[in-house]
Amino acid sequence: MSQDNQITDPLLIAGREYRSRLLVGTGKYKDMDETSRAIEASGAEIVTVAVRRTNLGQNPGEPNILDVLPPDRYTILPNTAGCYDAETAVRTCKLARELLDGHTLVKLEVLGDEKTLFPDIMATLKAAEELVKDGFDVMVYTNDDPIVARELESMGCVAVMPLAAPIGSGLGIRNPLNILTIVENAKVPVLVDAGVGTASHAAEAMELGCDGVLMNTAIAAARNPVLMASAMRKGIEAGREAFLAGRMQAKRFASASSPIEGLFFR
Amino acid sequence: MNILLNGEHREIAEGSLMSDLLEQLALGGQRFAVEVNAELVPRSRFAEHRLNPEDKVEIIQAVGGG
């Protein structure tokens, strides 16, 4: 996030440059201390939060997530998790904007059912349209459908975020070819959001040309979340560099790495 | 009069302003946002927003989430 020195290969979202291409959620951790240590280890600059009722009259001294992750240090990305219709998603974004003093970057997700947590695309499109019109910078969770991704981009979403697999499943990228098509079509950043389970999945997303990966459970549900956060950071970096480097062509048969010429025994 | 505050019934004085309610709740330096009957009430209007009987008031905050 630091703008003081030039960032090589920055991630550009809604006019702002980021050094890290790993975005992390802040849910499911054991406590605030583990949350902050894992997020520190991940190197993430953009962190998601949810919007929920304040616990009234209970333990007013209890630390809030924004005390642990101060908005002057992290870009806070409020989500609409738990919303199953466009109306509540829009309400949630408006509350988040007020909560964060006019901050317009939001992660829109409108869910279709509890078993799959797949997005309700009709409702997502409706909410996205309304939010864009209202001046929000919308990063949108969607399925791995290139046609829907294209539509969300043309509506003015600032990033399109197809799932790799169901939220919290850790299954990895189920449909890499669709993710590739989405990446190839898009002019806005494409981030894989949801379904990543381990560092190789994150690397794979980046090798496909994704601009970043957003994850939560893969880190929070690891036996050692802080170590996994570090692994994810490296997976993202490795995958990005491999993508930029341009991988070799895969071949069916062998190709010796040492020269044939100059063999002294034949 | 009765209002529904974060899903629970609460008795407050007739004609209370939003700022009165928030003062009673002693939310201190916490970051929060408020909506009444599914409409956002901006901070700048707390001192003039008068509550009505049976209003549904939601006070929200940021929590950990993915």
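## A salt bridge between the chains

A:Asp101 and B:Arg43 form a salt bridge, with their closest N and O atoms 2.9 Å apart. The term covers a side-chain nitrogen of Lys or Arg within 4 Å of a carboxyl oxygen of Asp or Glu. This pair crosses between chains. A:Asp101 lies in the loop between helix H3 (86-99) and strand E6 (105-108) of chain A. B:Arg43 lies in the loop between strand E4 (39-41) and E5 of chain B. Helices (H or I, at least four residues) and strands (E, at least two) are DSSP runs, numbered from the N terminus.

A:Asp101 is exposed, at a relative accessible area of 51%. B:Arg43 counts as partly exposed, at 40% relative accessibility. Buried means under 20% relative accessible area, exposed over 50%, and partly exposed in between (1.4 Å probe, protein chains only).

## The model and its confidence

This is a predicted model, in which local features need pLDDT of at least 70, side-chain atom pairs count only at pLDDT 80 or more, and totals for chains, interfaces and linings use all residues. Residues are numbered from 1 along each chain as its sequence is written, chains are lettered from A and ligands numbered from 1 in the order in which they are written, and side-chain values use heavy atoms, with hydrogens and water left out.

The predictor gives the complex an ipTM of 0.95 and a pTM of 0.93. Chain B has an average pLDDT of 95 (the predictor's confidence in each residue, from 0 to 100). In chain B, 100% of the residues score at least 70.

Over all chains, the count comes to 13 salt bridges. One of them joins B:Glu58 to A:Arg53, with the closest N and O atoms 2.7 Å apart. This pair crosses between chains, from strand E5 of chain B to strand E4 (residues 46-53) of chain A. B:Glu58 is buried, at a relative accessible area of 17%. A:Arg53 counts as partly exposed, at 42%.

Another salt bridge stays in chain A. A:Lys107 pairs with A:Glu109, and their closest N and O atoms are 3.4 Å apart. A:Lys107 is buried, with a relative accessible area of 3%. A:Glu109 is buried too, with 3%.

## Strands within and between chains

Where does E4(A) sit in the structure? It is largely enclosed by the rest of the structure, because six of its eight residues are buried. Two strands pair if DSSP finds at least two bridges between them. E4(A) runs parallel to strand E5 (residues 75-78) of chain A, joined by four bridges. There A:Thr48 stands opposite A:Leu77. E4(A) also runs antiparallel to E5(B), and five bridges join them. In that pairing, A:Ala50 has B:Val63 as its bridge partner.

E5(B) (residues 56-64) has a parallel partner in its own chain: two bridges join it to E1(B). B:Leu5 stands opposite B:Val57 in E5(B). Strand E1 (residues 2-5) of chain B pairs with strand E2 (residues 8-11) of chain B in the antiparallel sense, over four bridges. B:Leu4 has B:His9 as its bridge partner in E2(B). E1(B) and E2(B) form a hairpin with two residues between them. In the turn, B:Asn6 has a positive phi of about 45°.

## Cysteines without disulfides

How many disulfides are found over all chains? A search of the whole structure finds zero, taking a disulfide as a pair of cysteine sulfur atoms within 2.5 Å. A:Cys83 is in no disulfide, and the nearest cysteine sulfur, that of A:Cys93, is 7.6 Å away. A:Cys83 is buried, with a relative accessible area of 6%.

For A:Cys210, the closest cysteine sulfur is in A:Cys157, 16 Å away and therefore too far for a bond. A:Cys210 is buried, with a relative accessible area of 0%.

## A helix residue in chain A

A:Ala203 is found in helix H7 (residues 199-207) of chain A. At 11% relative accessibility, A:Ala203 counts as buried. A:Arg240 is 37 residues apart from A:Ala203 along the chain, yet their C-alpha atoms are separated by 7.3 Å.
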